[in-house]
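Good morning. Please have a look at the chain on the screen before I start. I will go through it piece by piece.

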Amino acid sequence: MDRLDAIRLFMRVVECESFSAAAKEEGIGQSAVSKQIAALENQFNHQLLKRSSRGIALTDAGKEFYDGALRLLDEYDQLESSVKYGADEAAGTLRISVAPVFGRFYIVPRLPALFERYPALNIELRVSERHIDLIEENIDIAIRHGELQDSALTQRKLAESPLITVGSPGYLARHGAPSSPAELGNHQCIVFNGGRGVHPWHFLDEQGKPIIHIPQGRFRSNDGEQQRAAALSGMGIAQIPAWLAGPDLASGALVPLLREFTRGAMPVSAVFATRQMANSKVRVFVAYLMETLKIDLPEW
């Protein structure tokens with residue numbers, strides 16, 4: 001086994017959190033895995049993994065080695081792809097951070113066609129609602145929503161999607177549809193209650209002047225998907241991103257309201273470390289997602 005294979009095996013042990021699971025994945029004996037890890041530790045004169053009855057854990061040296069190995073193998077895969085397929089071909093594993101619903105609606109369904117176009121490309125989707133540190137967690141690219149503040153990262157706008165006001169046909173049949181933001185006071189509103197309290201709803205009047213409404217209602221949540229679920233169940237009117245309501249608008253399960261008062265769209269962006277600009281995996285994925293979002297995002 002050459003050094004690169006030994007490094008890949010070490011990474012599989014870490015990711016599987018088990019010598020036996022990594023051995024099973026690789027189709028080799030557990031003793032062979034143990035010998036390769038021991039050989040790496042002897043080579044670097046440091047213990048890389050702590051073994052115990054509860055499993056394995058990285059030592060400080062092991063964490064440093066793992067992080068460096070990720071970058072090393074990414075660069076090697078990129079070099080191999082460039083030589084074998086050409087500079088514009090994508091190969092190896094692309095690690096993407098994305099919010100759960102956006103990934104389920106707009107990325108995963110489009111992966112089969114991407115894999116067909118780039119047969120040497122693999123995707124690892126890391127799903128999280130939080131904004132993770134791309135460098136610390138070895139993420140190649142993250143999909144973010146709204147205005148971005150982190151100037152240390154390269155940003156590429158993929159699409160735009162406004163906040164829209166919606167209600168279910170059942171709710172509207174019982175209570176009617178508001179004809180202006182002023183009438184929302186007569187309705188149950190589904191409230192987004194984030195870290196800074198209740199989020200106000202924003203509109204524009206006929207002259208383009210801002211209108212702010214503080215929603216009131218019996219249900220509130222700090223999660224957009226719960227707001228969507230509440231609107232679908234007929235609890236009231238919600239203001240959520242158009243991309244989150246896309247499938248429901250298409251099926252008629254949610255009805256758009258107050259369209260003429262909708263404020264401007266918010267960006268959907270890809271963010272990545274500046275050094276990734278030359279990475280063909282990042283470039284082809286960004287271009288592909290821009291292409292598919294033009295089709296998949298609901299028109300407004």
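Which residues of α2 meet which residues of α3? From α2 they are F19, S20 and A23, and from α3 they are Q30, V33, S34 and I37. Contact here means heavy atoms within 4.5 Å.

Before going on, some ground rules. The model is predicted, so local features need pLDDT of at least 70 and side-chain atom pairs count only at pLDDT 80 or more, while totals for chains, interfaces and linings use all residues. Residues are numbered from 1 along each chain as its sequence is written, and side-chain values use heavy atoms, with hydrogens and water left out. Helices (H or I, at least four residues) and strands (E, at least two) are DSSP runs, numbered from the N terminus.

Back to the helix pair. The axes of α2 and α3, the latter being residues 30-44, come within 8 Å and cross at roughly 110 degrees. An axis is a line fitted to C-alpha atoms, for helices over the stretch in contact, and angles run from 0 to 180 degrees between N-to-C directions. Under 35 degrees counts as roughly parallel, over 145 as roughly antiparallel, 65 to 115 as roughly perpendicular, and the rest as oblique. α2 and α3 are therefore roughly perpendicular to each other. By class, their contact has four nonpolar, three polar and no charged residues. For the classes, Ala, Val, Leu, Ile, Met, Phe, Trp, Tyr, Cys and Pro count as nonpolar, Asp, Glu, Lys and Arg as charged, and the others, Gly among them, as polar.

E17 is not a glycine, yet its phi is positive, about 60 degrees. Is E17 buried or exposed? E17 is exposed, with a relative accessible area of 58%. The cut-offs are under 20% relative accessible area for buried, over 50% for exposed, and partly exposed in between, using a 1.4 Å probe and protein chains only.

L258 also has a positive phi without being glycine, near 55 degrees. L258 sits in the loop between β14 (255-257) and β15, and L258 is buried, at 5% relative accessible area.

Helix α5 (residues 100-107) and helix α9 (residues 242-251) have axes that come within 10 Å and cross at roughly 50 degrees. The two helices are therefore oblique to each other. On the α5 side the contact is made by V101, F102, F105 and Y106, and on the α9 side by W243, L244, G246 and P247. That contact has seven nonpolar, one polar and no charged residues.

What do the buried residues of α9 pack against? They pack against α5, β5, β6, β7 (163-167), α8 (224-232) and β13 (238-241). The buried residues in α9 are A242, W243, L244, A245, G246 and D248. After α9 comes G252, with a positive phi near 85 degrees.

Now the sheets. Two strands pair if DSSP finds at least two bridges between them.

β6 and strand β15 (residues 266-272) run antiparallel and are joined by seven bridges. Within that pairing, A159 has V268 in β15 as its bridge partner.

T154 lies in β6 and counts as buried at 17% relative accessibility. T154 and A273 are 119 residues apart in sequence, but 5.9 Å apart in space, C-alpha to C-alpha. S97, in strand β3 (residues 92-98), is buried at 4%. Leaving out residues up to four places away in sequence, S97 touches R126, I132, I139, I141, A142 and I143.

The other sheet is open too, with three strands in the order β9-β8-β12 and mixed pairing. Its edge strands, β9 (197-198) and β12 (220-221), each pair on one side only. Strand β8 (residues 191-194) and β12 run parallel, joined by two bridges, and F192 stands opposite S221 in β12.
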